[in-house]
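Me: I have a structure open beside its sequence, and I'd like to talk it through with you. Could we take it one question at a time?

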Amino acid sequence: MNEPAFQRARSAEAKQARERAILDAARTLGRRHGIREVTLTDIAAAVGMHKSALLRYFETREQIFLELTAEGWREWSAELRAGLESRAQATPAEVAVAFAGTLAARPMFCDLLAQAPLNLERNVSVESVRSFKLATLHEVELIGKELHRLLGLTETQAVDTVATATAMAGALWQMATPGPRLRELYASDPRLGHAVVEVEPRLTRVLTAYLTGLGTRPATAA
């Protein structure tokens, strides 16, 4: 018996629902297997459509995951800022803890942060990259306002802080998830103990040192 033909979404609402289903499937697969291991065929199968039909909604698998990266930025930024906004004042160490804790709590976002500049931005249209960059820039600006209020960071210092935190979170997460074979190797040889990385404590130490080194002070009220 032949399978029923895939029905293309006709209304704007149906198209949005189908796009959300694709994003949800990609998110689930990414969490389960890691971003690099998920193919367009995997995502299409999870949604119940052929790969060619899926391409009517997203240009490439990279665009799907770039959309999820932008979504991750919005969600992470909202939680980080909520924590910072609740403080009347904070030390560099306390701000570092807030950054590290909220990033480490989002392993898939950390994975996406590493993959975005490596390949997600390289196989999509220029407009997709523009949209993604503008979305992240908006979140960086919002975070920067809190960094200025609490630590007196300049715009450049705030951008550098967010860039350092997110880049390191992505890199450290990759190091912290080496796969079963390498994990077994590291555990079997005490000399390789340094290869076993814990994201949150290391990120906290690095950001604390960085922010302390800036020698900033809280912004004074006008």
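**A buried glutamine, then the helices**

Reply: Happy to! Let's start with Q174: at 19% relative accessibility, this residue counts as buried. Bear in mind that the model is a predicted one.

Me: Which helix holds Q174, and what does Q174 touch beyond residues up to four places away in sequence?

Reply: The place of Q174 is in helix α8. Leaving out residues up to four places away in sequence, Q174 touches R36, D111, A114 and Q115.

Me: How are α8 and α10 oriented relative to each other, parallel or antiparallel?

Reply: Helix α8 covers residues 155-176 and helix α10 covers residues 199-214, and their axes lie 10 Å apart at an angle of about 160°. Angles over 145 degrees count as roughly antiparallel. The crossing of the two is right-handed. The pair α8 and α10 is therefore roughly antiparallel.

Me: Which residues of α10 meet α8, and what is the class make-up of the contact?

Reply: On the α8 side, the residues include Q157, D160, M168, L172 and W173. They meet V199, R202, L203, V206, L207, Y210, L211 and L214 in α10. By class, this contact has 14 nonpolar, three polar and two charged residues.

Me: How are α1 and α4 arranged, and how many charged residues does their contact have?

Reply: Helix α1 (residues 12-33) packs on α4 at an angle of about 85°, with the axes 10 Å apart, so the two are roughly perpendicular. From α1 come R20, I22, L23, A26 and R27, and from α4 come I64, F65, E67, L68 and E71. By class, the contact has six nonpolar residues, no polar ones, and a charged count of four.

Me: Stepping back, how many helices and strands does the protein chain have, and what percentage of its residues is buried?

Reply: The chain has 10 helices and zero strands, and its C-alpha trace spans about 70 × 55 × 30 Å along the principal axes. Among contacts with a separation of 6 or more, 73% join residues 24 or more positions apart. Of the 222 residues, the buried share is 42%.

Conventions: Residues numbered from 1 in each chain as written. Predicted model: local features only at pLDDT ≥ 70, side-chain atom pairs only at ≥ 80, totals over all residues. Heavy atoms only, no water. Axes fitted to C-alpha atoms, helices over the stretch in contact; angles between N-to-C directions. Parallel < 35°, antiparallel > 145°, perpendicular 65-115°, else oblique. Left-handed = near helix turned anticlockwise from the far one by under 90°. Contact = heavy atoms within 4.5 Å. Nonpolar A, V, L, I, M, F, W, Y, C, P; charged D, E, K, R; others polar. Buried < 20%, exposed > 50% of the residue type's maximum accessible area, 1.4 Å probe, protein only.
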